[in-house]
Amino acid sequence: MATEVPDAETEDPERAEEPVPSDDSQATDAPHSAEASTTEAPHPAFEPYAAESIPQAAVGAPGKDGVLELRFAPTAGGTKLVHDYATVPFHVSGTLGHDPHPDADTVFLQSPTGGIAQGDRHDVDIRVDGEAIAHVSTQSSEKVQSMNRNYAASDTTLSVGAGGHLDYVPEPTILHADSRLFRDLRLDLADGATAVLGDIVVPGRLARGERFDFERYLSRVRVSGPDGLLFEDATHLAPGTEDPTAPGVLGDFTVYGTLFVVAPDADTAALSDDLHAAAADGEARAGASELPNGAGVGVRALGDRAELVQAALHAAWDRAREQLLDAPAPSGRKY
C-alpha cells in the first residue's frame, strides 16, 4: 500500500516569524560564532551566500542552530529510544509502536516553526545500537522558505551497530522560490547492519505554478562500512544556471525521489530486480540498480506529483523490508 503523504501542492503556509525557544529548549553556547558561520561554506557553490549577513536573527542564534540527538538500543522488550536531545526547530514528543516489526521503535520528528529559514543550521546525530531496529521520519513535509540572504544547511550523521537496522525516510522537502539548501548525510554501518535512506524533492509550491524557482539545492550522501567507503551520491540543482528539465536530468518530470537500500550482505542482483519490479509498478517513472561495492540497491523515481513518487519508493521500501527484516514497511500514519 502506498504511504499517505501530505498534499505538497495544497500546503501553502506563510513564512513564520523567527522562533523564540522556550527556556527548556534553548541550546547552550552555539557550537560556533555567528561571524564564523556566515563566512564558512560547506561547498564552493555556497561561498557567495555564506558571506551574506542576515538582518534578523544571525546564524548561530538560539533557534537558528538546531541540534537533534537520538540513540536507540535493544532491550528485553524490543528496541527503545534511550537518549534524545533536541533544540528548536526540532521537537521529539516520544515514540510510537505501530511499526509492523514487533521489536522496532519509531520517532516522528516535529517542528514548531514554519519551515527552514535563511541562516538555519541543523545538526542531526542518530545512533542505532547493535541488534536494534529504528524508524525515523518527519511529521509532515519540510518547507524550505524563500531567502534573500545567506542559505540553510543540514548536517546528518547516522550510525548503525552490528546486526542493527535503521529506516531514515523523511517526508518530502518542498523548495520554495529563491531558497538555498545544502544537505550533507553520512551513514556508517557495522558488520551485518542494514539501512534504508529516503529523500523526495518537490521543486516549489506546485499548485501555485511555482516550479524550479528555488536558487540552489545540493544534497550529498556518503555511506561507509567496516572496510571503508561503500558509495557516495550527490544531487546538485541550480535552475538559474542549468535547466533541471533538460534531457538526462529531470526531463518532463517535476518531483524527484531516491531510496537507498543499504545491505552489503544481501544478494544485490536479485534484490535490485525485485525492487525495480515493485517501484516500476505504478504511475511514477522508476527504476532500481545495484550500488557500487555490493553496498545494496538504489531506487530513483520521477513524477508530476509528490504522492506518485512516494508511492513508488514506498513500494520498494516495503519489498526491501520484507527481505531484510521479514516485516513490511510502516504505513504513512503519522499519529
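Val-255 stands opposite Gly-303 of strand E16. Strands here are DSSP runs of type E with at least two residues, helices are runs of H or I with at least four, and both are numbered from the N terminus. The model is a predicted one, in which local features need pLDDT of at least 70 and side-chain atom pairs count only at pLDDT 80 or more, while totals for chains, interfaces and linings use all residues. Residues are numbered from 1 along each chain as its sequence is written, and side-chain values use heavy atoms, with hydrogens and water left out.

E14 and E16 (residues 296-303) run antiparallel and are joined by 8 bridges. Strands count as paired if DSSP finds at least two bridges between them. E14 also pairs with E11, again in the antiparallel sense, over 7 bridges. Within E14, Leu-259 is the bridge partner of Gly-198.

E14 is mostly covered, with 8 of its 8 residues buried. Buried means under 20% relative accessible area, exposed means over 50%, and partly exposed lies in between (1.4 Å probe, protein chains only). Both faces of the strand are covered. Val-255, Gly-257, Leu-259 and Val-261 are buried on one side. Tyr-256, Thr-258, Phe-260 and Val-262 are buried on the other.

The largest pocket holds about 780 Å³ of space. Its lining comprises 42 residues, and the closest to the pocket centre are Thr-138, Glu-142, Pro-170, Thr-173 and Arg-183. A pocket is an open set of points on a 1 Å grid over the protein atoms alone, where a 1.4 Å probe fits, with protein on both sides within 12 Å along at least five of seven lines; lining residues have an atom within 4 Å of a point. The volume is the space filled by probe spheres set on the points, which are joined across faces, edges and corners. Elements giving two or more residues to the lining include E4 (121-128), E10 (180-189) and E14 (255-262). E11 supplies the largest share, 5 residues. The lining divides into 16 nonpolar, 17 polar and 9 charged residues. Ala, Val, Leu, Ile, Met, Phe, Trp, Tyr, Cys and Pro count as nonpolar, Asp, Glu, Lys and Arg as charged, and the others, Gly among them, as polar.

Glu-322 is found in helix H4 (residues 306-325). Glu-322 counts as partly exposed because its relative accessibility is 36%. Leaving aside neighbours within four places in sequence, Glu-322 is in contact (heavy atoms within 4.5 Å) with Ala-327 and Pro-328.

The protein averages a pLDDT (the predictor's confidence in each residue, from 0 to 100) of 87. At least 70 is scored by 86% of the residues. Over residues 1-38, pLDDT stays under 50.
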